[in-house]
Amino acid sequence: MLKAHSRLFEHLALVTDLVLIALCWIGAYVIRFNLFGRGDIPPLSDYTLQLLPILVVWFFAYKAFDLYRPNRLGSHLSEWFDIAKASTLGVLVLVAGMTFLFHGYEYSRLVILMFWVASIVAVSLSRAAFRELLRFARRRGYNQRYAIVVGGGEPAAEVLRVLRRRRDTGIQLLGVLSDKQEGEGGPVRWLGGIEDVRTVLATRQVDIVIIALPHTDYPRLATVLHEIGDEPVDIHFVPDLFNLASLRGGVEEFESIAFIHLRESPLYGWNQVLKRGFDLVFGAAALLVALLPMALIAGAVLAIMGRPVLFRQERMGLDGRRFRMLKFRTMRPDAEAQSGPQWAVRDDPRRTRLGAFLRGWSLDELPQLFNVLRGEMSLVGPRPERPSFVEEFRRRVPGYMLRHKMKAGITGWAQINGWRGNTSIEKRIEYDLEYIARWSLGFDLSILLRTLWLGFHDRNAY
């Protein structure tokens, strides 16, 4: 019965979509020629001639983008994108057909443009309205499907939390099968152990089986599938990204292959272009503002400490690549000649008096704006460390190298939260990884504004 309802909804959606497509095509003609038309108006029959090809093309385009699959757990936004892509494909085929098969007729490009936009908007709004009607009905107990969750740990707990929160999906949760009798979802009924799935399917009306095993139980997946056998149920598998994904995990479909990203830098595609553009615009503006103070500081360093004015130090940046970071010199030229690389400490005897002032107010960092413009650093990101320290921290702190999945920055989330200088490396890494997981241009801008608001003086900068 449920399958019949699903097919009914599919056919209803298909008919509704095609009716809307036809109305959008005729509507575009009416708006173009009857409301805004001037001069000769082409006959409507020339445009109705295209209705059958349009409906055929849109039917196959919508089918190609799988727009009639059951979508209780799908993303509404992804459906709208699919509608836009299918309509765009349809318009391209339509224009090609008009060019090669109907070259004896003149069709308005404005009609085609209005039709393309109207078809996307009309079908998207229609589906949104239909979805709201379904939600209304499902909240009142209609159009329900019955599900069980097989598994435990964080994957099962998250599934149970989401399904209890989203009653509008129309999925009634019968219970959970897990190794622990108390279950993973609190008030959800425990139906038995994982190996009891066949018994539950034989004694209860179940439409959906959601398998949410912790990754340590993945060897049992084949057993669970064998126990389900040929039962006529839908099976959904929830991968344990909670324990496997270490940085910005996610799922992406490529052709027919589902790729699960366990670790990925946010700097790819348009994100990389946008962050680089952000750095160039704001970095160039900051450099213009800082040119006069930098010239004065350079003159003071030259007069008091002599050459060199700038200090170039090897640091580790994006993907572990090394670069030369620029700073105003704040220590004696032979500061590490005997001791080797050392972490700066309070009242560091290697500093000069001018250097202590520059470091205390972070003014020695201003030349790093040139590193930003050269693409070696970003305005916002994890602070880069020296390779010798990186090897030490890598041994001490699990996941330390993940911070190099983001370009190094002049300021960062850890720094504005007080984890700068000779402070806890573990807390600094925690904030760096949180920054990478949450990254967006808006987050970068907020960190920059907070950096300016808090000022450049920091008690841990020495």
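This is a predicted model: local features need pLDDT of at least 70, side-chain atom pairs count only at pLDDT 80 or more; totals for chains, interfaces and linings use all residues.
Let's start in the middle. The largest nonpolar core has 42 residues, and the members that touch the most others are Val301, Phe328, Leu379, Tyr400, Trp413, Tyr435 and Ile447. The top contributor is helix α10, which covers residues 270-305 and supplies seven residues to this core. There's also a second, separate core of 27 residues, with Trp25, Phe33, Met98 and Val123 among them. As background, nonpolar side chains in soluble globular proteins tend to be buried together.

Setting aside neighbours within four places in sequence, Leu379 is in contact with residues including Phe278, Phe282, Leu369, Val372, Ile410 and Leu448. Its list of contacts also takes in Asp279, Gly283, Gly409 and Thr411.

Next, look at Ser378, in strand β10 (residues 378-380). Is Ser378 buried or exposed? Its relative accessibility is 0%, so Ser378 counts as buried. The side chain of Ser378 has a partner: a polar contact of 2.8 Å joins it to the side chain of Asp279. Beyond residues up to four places away in sequence, Ser378 also touches Lys275, Val372, Lys407, Ala408, Gly409 and Ile410, among others.

Now for helix α13, which spans residues 387-396 and has Pro387, Phe389, Val390 and Phe393 as its buried residues. They sit on the same side of α13, because they cover an arc of only 145° around the axis. What do these buried residues pack against? Their packing partners are β8 (310-316), β9 (322-328) and α15 (425-438).

Most residues other than glycine have a negative phi, and most peptide bonds are trans. The peptide bond from Arg307 to Pro308 is cis, with omega near -5°, and Pro308 is found in the loop between α10 and β8. Two non-glycine residues with positive phi are listed here:

| Residue | Phi | Relative accessible area |
|---|---|---|
| Asp319 | near 60° | 46% |
| Ser362 | about 60° | 9% |

Asp319 is in the loop between β8 and β9, while Ser362 is in the loop between α11 (353-360) and α12 (368-373). Asp319 is partly exposed, since its relative accessible area is 46%. Ser362, at 9%, falls under the 20% cut-off and therefore counts as buried.

Key: Residues are numbered from 1 along each chain as its sequence is written. Side-chain values use heavy atoms; hydrogens and water are left out. A nonpolar core is a set of buried Ala, Val, Leu, Ile, Met, Phe, Trp, Tyr and Cys residues joined through side-chain atoms within 4.5 Å. Buried means under 20% relative accessible area, exposed over 50%, partly exposed in between (1.4 Å probe, protein chains only). Helices (H or I, at least four residues) and strands (E, at least two) are DSSP runs, numbered from the N terminus. Contact means heavy atoms within 4.5 Å. A polar contact is a pair of N or O atoms within 3.5 Å; within protein, one must be able to donate a hydrogen and the other to accept it, and residues adjacent in sequence count only if both atoms are side-chain atoms. The arc is that of the directions from the helix axis to the C-beta atoms.
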